[in-house]
Amino acid sequence: MSKQRKIRKIVLYLLIFILSAVVICALSNAPSPTAEAAFRRKEKQQMIGPAEIVEILDFEDNRYDHLLISRSEYGYTFFEWNDSNPDDGVLSYQPRSTGATLYCTKYNYEDMSYSQGWLPIFAFTDQPAVSAKLTLTTTQDSETITYSMDAKRSGAGYFLFRWKTTGLRGSDFWLVQQMITGEYSNYILEGTTTATLELYNTKGELVETHQFPTTQ
Amino acid sequence: MQQENFENWCRKATEQIRYGPDRRAVSEELMAHLEDHRDALRAQGLGEKESEQHTLASMGSAEEIAPQLAEIHKPWLGYLSSLIKAVAILTATLAIFFCISICVSWLHTLISSRNFDSIPANNGTLDYYCHPMVSTWSDGYRFQISEAGYSKQESDLYILLEIFHWPWMDQPGVSDHLWAIDSLGNYYPSMHASQYSDQPRVTAQGWQSTTCIILRFMCIKQFDCDAQWVELHYDRDGRNIVLRIDLTGGGKHE
């Protein structure tokens, strides 16, 4: 058998192998090769997107190692995953609200308390504001508590507020999560929550104020 | 006898070629060459024995040629070819096995009956029952409502939602986000957007799945049975899936 013929056969067998491997991987739900592939797969499965990836954040002390933020014309998608298995990551979707959109990931309170001790709350807006102030107001049994925090605009164009979750009152943590995500808990929470987002320009002047929830 | 001498010569000349198929191919080639040479000599008038001796003499010593042939025909490319061939056959067999198992599973689902008896919350008796057979496509998934019915006592509308997809696609996670509206303007929020289970809303009662089909048993809680139609909606991230169920036909179901 000539050398050229052998090489032709090798190429043919390689093609058969690659084609068969692709078929097997596709039919057996093989693991995604990259975190981005896992994100796109989840996106398709949840029937949202495809969204433009804005940024990938690292949360080393958290339940998940990374958070991917993406945006589309209609909303924002968040994908959290661990390096060990991106396919086990969690995808969340937040539709755009008029003017500004708030988002927080759904964490367990225990995860927060024993890890970084703060809940990341994101604010997205098309306004050219450079800083923002977020005020959370929770009312339980006629008693109102206010939590305030500031944030600078990130390079990717959003505000990241760090809400300290240590020593919070009763269900405040859940009430705020429920109000922001619009996703109800399995159990009934007594109380109300509102949020006010104030946007400031480079001179420190108040540009806009947004109230949440937008519709009640 | 003559043939035997040629074969012996070829065997000795090729015995140092390590890759079997190469050894056989070279041996066959040499044999053909020897026979041609012998035939040519015989055509010139030489006897059988003489032509054989001349042929072998002209080829030289088989022991001397053997290392040279082995040097030309190194075995690595051959071994590599055999290895890749074996792997290719194995993976191709596996792929065919996967395809067959999926086809069998898919056919089984198509043939086997699927109906409201599988709904966990339903006792099997419905005051109204119909086959709307409405369908739509989105994102590579085909949504079809094949059965719907309600019992006035429970005032729940049961819907059998079939979702077809290609075998390489994951099962869609949309049932938590389906909401509904009926002809009377009643709004039934999705499970994702409703807090209390005793309020009107769309819920998922159970499901069955195979490789290419998922059956979702949906239920619209506290459904207004006077409605003439109801629409199931999915509108996340720019989608606009609408499945309208006409409730004017149909009849009682036992």
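This is a predicted model: local features need pLDDT of at least 70, side-chain atom pairs count only at pLDDT 80 or more; totals for chains, interfaces and linings use all residues.
# Chatting through a two-chain model

Q: Thanks! What secondary structure does chain B have?
A: Chain B contains five helices and eleven strands. Its radius of gyration is 38 Å, well over the 18 Å that the globule rule gives for 254 residues, so chain B is more spread out than a compact globule.

Q: What does the C-alpha trace of chain B span along its principal axes?
A: About 110 × 35 × 30 Å.

Q: How many of the residues in chain B are buried, as a percentage?
A: Buried residues account for 44% of the 254 in chain B. On the contact side, take the pairs in chain B with a separation of 6 or more: 58% of those contacts are between residues 24 or more positions apart.

Q: Let's do chain A the same way. What are its helix and strand counts?
A: Chain A has four helices and eleven strands. The radius of gyration here is 23 Å, well over the 17 Å from the globule rule for 216 residues, so chain A is also more spread out than a compact globule.

Q: And its span, burial and contacts?
A: The C-alpha trace of chain A spans about 90 × 40 × 30 Å along its principal axes. Of its 216 residues, 46% count as buried. Among contacts between residues at least 6 apart in the sequence of chain A, 50% join residues at least 24 apart.

Q: OK, packing. Which residues touch the most other members of the largest nonpolar core?
A: That core has 40 residues, and F143(B), I220(B), F223(B) and L232(B) touch the most other members. The element giving the most to this core is strand β3 of chain B, residues 141–151, with five residues.

Q: What does F143(B) touch?
A: Leaving out residues up to four places away in sequence, F143(B) touches several residues of chain B, including V134(B), L161(B), I163(B), V174(B), I241(B) and L243(B). The list also includes M47(A) from the other chain.

Q: Which residues are in the second core?
A: The second core is separate and has 25 residues, among them A129(A), L136(A), F173(A) and F212(A).

Q: Back to M47(A). What's its phi, and is it buried or exposed?
A: M47(A) has a positive phi of about 55° although it is not a glycine. Most residues other than glycine have a negative phi. M47(A) is in the loop between α2 and β1 of chain A, and at 0% relative accessibility it counts as buried.

Q: Which other residue has a positive phi although it is not a glycine?
A: S142(A) does, at about 65°. It is in the loop between β7 (131–140) and β8 (143–152) of chain A. At 75% relative accessibility, S142(A) counts as exposed.

Q: Where are the cis peptide bonds?
A: One joins G49(A) and P50(A), with omega about 5°. P50(A) is in the loop between α2 (35–45) and β1 (52–58) of chain A. Another joins F212(A) and P213(A), with omega about 0°, and P213(A) lies in the segment after β11 (206–212). Most peptide bonds are trans.

Q: Last topic, two serines in chain B. Is S175(B) buried or exposed?
A: S175(B) counts as buried because its relative accessibility is 7%, under the 20% cut-off. It sits in the loop between β4 (156–164) and β5 (179–182). Beyond its neighbours within four places in sequence, S175(B) contacts M191(B), A204(B), R216(B) and M218(B).

Q: And S61(B)?
A: S61(B) is partly exposed at 28% relative accessibility, in the loop between α3 (48–59) and α4 (62–72) of chain B. S61(B) and D22(B) are 39 residues apart in sequence and 20 Å apart in space, C-alpha to C-alpha.

Definitions and conventions. Residues are numbered from 1 along each chain as its sequence is written. Chains are lettered from A and ligands numbered from 1 in the order in which they are written. Side-chain values use heavy atoms; hydrogens and water are left out. Helices (H or I, at least four residues) and strands (E, at least two) are DSSP runs, numbered from the N terminus. The radius of gyration is taken over C-alpha atoms; the globule rule is 2.2 Å times the number of residues to the power 0.38. Buried means under 20% relative accessible area, exposed over 50%, partly exposed in between (1.4 Å probe, protein chains only). Contact means heavy atoms within 4.5 Å. A nonpolar core is a set of buried Ala, Val, Leu, Ile, Met, Phe, Trp, Tyr and Cys residues joined through side-chain atoms within 4.5 Å.
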